[in-house]
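Please keep the sequence and the structure in view while going through the points.

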Amino acid sequence: QVHTYTLDLSKNEEINATAGKVKKEVGDEDILINNAGIVTGKKIFECPDELMKKTMAVNCDACFFTAKNFVKSMIDRNNGHVVTIASLAGKVLSLRSANNPVYMIGKMVV
């Protein structure tokens, strides 16, 4: 059975609150899939600071906050899987020529 929830992954408070809701409504999870990403399409000097922060929050930080909320119960039960989908863009980075360096850096981290 699949359950879905809508939240802003750039806000760790929403991740924490939604995780609590999932645990209450669904119980222990068996799989966590991290697949969110923001692509700005802007070169680094053209990208506004707030958009850079939001991109890193979604593409990188959210993976850690979702893991923090869900992986402990998987470890305690010795059962569960985490799938994190990154991008090959994280393997090739050139700040001068890249159209999406903030995206690439965020995906490099995960």
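Predicted model: local features only at pLDDT ≥ 70, side-chain atom pairs only at ≥ 80, totals over all residues.

In soluble globular proteins, nonpolar side chains tend to be buried together.

**Overall architecture**

- The protein has three helices and two strands, and from the N terminus on these elements follow the order α-β-α-β-α.
- Of the 110 residues of the protein, 29% count as buried, while the accessible surface comes to about 7,300 Å², with 55% of that surface belonging to carbon and sulfur atoms.
- Among contacts with a separation of 6 or more, 65% are accounted for by residues 24 or more positions apart.

**Packing around the helices**

- Asn 69 is placed in helix 2 and counts as buried because its relative accessibility is 14%, below the 20% cut-off.
- Not counting residues up to four places away in sequence, Asn 69 touches Ile 15, Asn 16, Ala 19 and Lys 23.
- Cys 63 is found in helix 2, which spans residues 49-77, and is likewise buried, with a relative accessible area of 14%.
- Although Cys 63 and Val 83 are 20 residues apart along the chain, their C-alpha atoms are separated by 10.0 Å.
- In helix 3 (residues 101-109), the buried residues are Pro 101, Val 102, Tyr 103, Met 104, Gly 106 and Lys 107, and the buried residues of this helix pack against helix 2.
- Ile 38, in the loop between strand 1 and helix 2, touches Lys 54, Thr 55, Val 58, Asn 59 and Tyr 103, not counting residues up to four places away in sequence.

**Salt bridges**

- A search of the whole structure finds six salt bridges, one of which joins Lys 54 to Asp 8, with the closest N and O atoms 3.7 Å apart.
- Because Lys 54 lies in helix 2 and Asp 8 in the segment before helix 1, this pair ties together parts that are 46 residues apart in sequence.
- Lys 54 is partly exposed, with a relative accessible area of 37%, whereas Asp 8 is buried at 19%; together with Lys 11, these two residues are linked in a network of salt bridges.
- Arg 77 forms a salt bridge with Asp 28, the closest N and O atoms being 3.5 Å apart, and since Arg 77 lies in helix 2 and Asp 28 in the loop between helix 1 and strand 1, the pair ties together parts that are 49 residues apart in sequence.
- Glu 50 and Lys 53 form a salt bridge whose closest N and O atoms are 3.6 Å apart; both residues lie in helix 2, three residues apart, or about one turn of the helix, and both are exposed.

**Surface**

- Ile 31, Ile 33, Val 83 and Ile 85 make a nonpolar surface patch of about 330 Å².

Key: Residues numbered from 1 in each chain as written. Heavy atoms only, no water. Patch = residues over 30% accessible without salt bridge, like charges linked within 9 Å, V, L, I, M, F, W, Y side chains within 5 Å. Areas by Shrake-Rupley, 256 points an atom, 1.4 Å probe, with all protein chains shown as cover. Salt bridge = Lys/Arg side-chain N within 4 Å of Asp/Glu carboxyl O. Helix = DSSP H or I, 4+ residues; strand = E, 2+ residues; numbered from the N terminus. Buried < 20%, exposed > 50% of the residue type's maximum accessible area, 1.4 Å probe, protein only. Contact = heavy atoms within 4.5 Å.
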